[in-house]
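Hi everyone, thanks for coming.

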Amino acid sequence: MKGKKQNISFEDYFENLKTSHVAFRDEICEKLNISKETFYLRKKTGNWTYPEKVVISQLTGIAIDDLWPEKKP
């Protein structure tokens, strides 16, 4: 799933996957030792911990700041 540097949010990355969303979700759940329910809750709220963001960034090959850009007020 790694690629060249991209400016794409996690939400956009997940929605635009060319491969299975389920396979990617399952890989994240396995690496983070979280349930599917927890995955979707965190995806919806954006409430990922920094260590979780690091793992997802490594899986995607996209920088944390690009996957979760700061929200402007």
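In this protein, 49% of the contacts with a separation of 6 or more are between residues 24 or more positions apart. Contact here means heavy atoms within 4.5 Å. Before I go on, please keep in mind that this is a predicted model, where local features need pLDDT of at least 70 and side-chain atom pairs count only at pLDDT 80 or more, while totals for chains, interfaces and linings use all residues. Residues are numbered from 1 along each chain as its sequence is written, and side-chain values use heavy atoms, with hydrogens and water left out.

Ile62 and Ile8 are 54 residues apart in sequence, and their C-alpha atoms are 7.8 Å apart in space. Asp12 and Leu67 are 55 residues apart along the chain, with 8.6 Å between their C-alpha atoms.

Now, the overall layout. How many helices and strands does the protein have? There are five helices and zero strands, so the pattern along the sequence reads α-α-α-α-α, because helices are DSSP runs of H or I with at least four residues, strands are runs of E with at least two, and both are numbered from the N terminus. Of the 73 residues, 36% count as buried. Buried means under 20% relative accessible area, exposed means over 50%, and partly exposed is in between, using a 1.4 Å probe and protein chains only.

Let's look at how the helices pack. Helix 2, residues 21-32, meets helix 4, residues 50-60, at an angle of about 135°, and their axes are 10 Å apart. The axes are lines fitted to C-alpha atoms, for helices over the stretch in contact, and the angles run from 0 to 180 degrees between N-to-C directions. Helix 2 and helix 4 are therefore oblique to each other. On that scale, under 35 degrees is roughly parallel, over 145 roughly antiparallel, 65 to 115 roughly perpendicular, and the rest oblique. Who makes the contact? On helix 2 we have Phe24, Glu27, Ile28, Lys31 and Leu32, and on helix 4 we have Glu52, Val55, Ile56, Leu59 and Thr60. By class, that is six nonpolar, one polar and three charged residues. Nonpolar covers Ala, Val, Leu, Ile, Met, Phe, Trp, Tyr, Cys and Pro; charged covers Asp, Glu, Lys and Arg; the others, Gly among them, are polar.

Helix 2 has another partner. With helix 3, the packing angle is about 105° and the axes are 10 Å apart, which makes helix 2 roughly perpendicular to helix 3. Arg25, Asp26, Ile28 and Cys29 of helix 2 touch Lys36, Phe39 and Tyr40 of helix 3. This contact has four nonpolar, no polar and three charged residues.

Let's finish with a few single residues. Is Thr60 buried or exposed? Thr60, in helix 4, is buried, with a relative accessible area of 0%. A polar atom of the Thr60 side chain lies 3.2 Å from the backbone nitrogen of Ile62. Ile62 sits in the loop between helix 4 and helix 5 (64-67), and at 1% relative accessibility Ile62 counts as buried. Asn33, in the loop between helix 2 and helix 3 (36-45), counts as exposed at 71%. Its phi is near 55°, a positive value in a residue other than glycine. Finally, Asp12 lies in helix 1, residues 10-15, and is partly exposed at 41%.

Methods. Polar contact = N/O pair within 3.5 Å; in protein donor to acceptor, adjacent residues only side chain to side chain.
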